[in-house]
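Hello,

Here is the structure I promised to pass on to you. Please open it first, and then read my notes below with it at your side.

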Amino acid sequence: MQAHGLLHTRHLRFRTTVLLCIVGELDIATAPLLHHAAQTCLHAPTVLVCLDLTGVTFCDATGMRALQRLADTLRQAQVTCRLTGISPQRKRTLTQPAPSPTWTPPTRLR
């Protein structure tokens, strides 16, 4: 299935505030669509983007990184980003510090 069939976005604008609704699966196949949606929100002057994740049915680690990149893109554009409709599980994942690796790095080969 194509990425366009897995994730749909739509945005509603009220002056300088945008509500960006994300519906579907957020993973490696659909992450570029999220970035494109963010760029669309920034075509007009924007102060605040609210990401509505209520319709997200699946989000893997790549999807979480895509959300982080989206927030970074908005921050660089001096736009505030707020999350809404986020499940408790995803909220924990987003607010936890990154775990340290449990594996030992390889030694240098001679």
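Asp 27 sits in the loop between β2 and α2; helices (H or I, at least four residues) and strands (E, at least two) are DSSP runs, numbered from the N terminus. Before going further, please note that this is a predicted model, in which local features need pLDDT of at least 70 and side-chain atom pairs count only at pLDDT 80 or more, while totals for chains, interfaces and linings use all residues. Residues are numbered from 1 along each chain as its sequence is written, and side-chain values use heavy atoms, with hydrogens and water left out.

Is Asp 27 buried or exposed? Asp 27 counts as buried, at 11% relative accessibility. Buried means under 20% relative accessible area, exposed over 50%, and partly exposed in between (1.4 Å probe, protein chains only).

Leaving aside residues up to four places away in sequence, Asp 27 touches Phe 58, Asp 60, Thr 62 and Gly 63, where contact means heavy atoms within 4.5 Å. The C-alpha atom of Asp 27 is also 7.4 Å from that of Ala 61, although the two residues are 34 apart along the chain.

Thr 30 belongs to the loop between β2 and α2 (31-41) as well. Thr 30 is buried, with a relative accessible area of 0%. A polar atom of the Thr 30 side chain lies 2.9 Å from the backbone nitrogen of Asp 27.

Arg 75 counts as exposed, at 53% relative accessibility, and Asp 72 as partly exposed, at 29%.

**The whole chain**

The protein has 4 helices and 4 strands, which run α-β-β-α-β-α-β-α from the N terminus on. Of its 110 residues, 32% count as buried.

As for confidence, the mean pLDDT (the predictor's confidence in each residue, from 0 to 100) is 82, and 80% of the residues reach 70 or more. Confidence is highest in strand β2 (residues 17-26), at a mean of 93, and lowest in helix α4 (residues 88-95), at 70. Where pLDDT is low, the predicted coordinates should not be read in detail.

Best wishes

Terms used:
A polar contact is a pair of N or O atoms within 3.5 Å; within protein, one must be able to donate a hydrogen and the other to accept it, and residues adjacent in sequence count only if both atoms are side-chain atoms.
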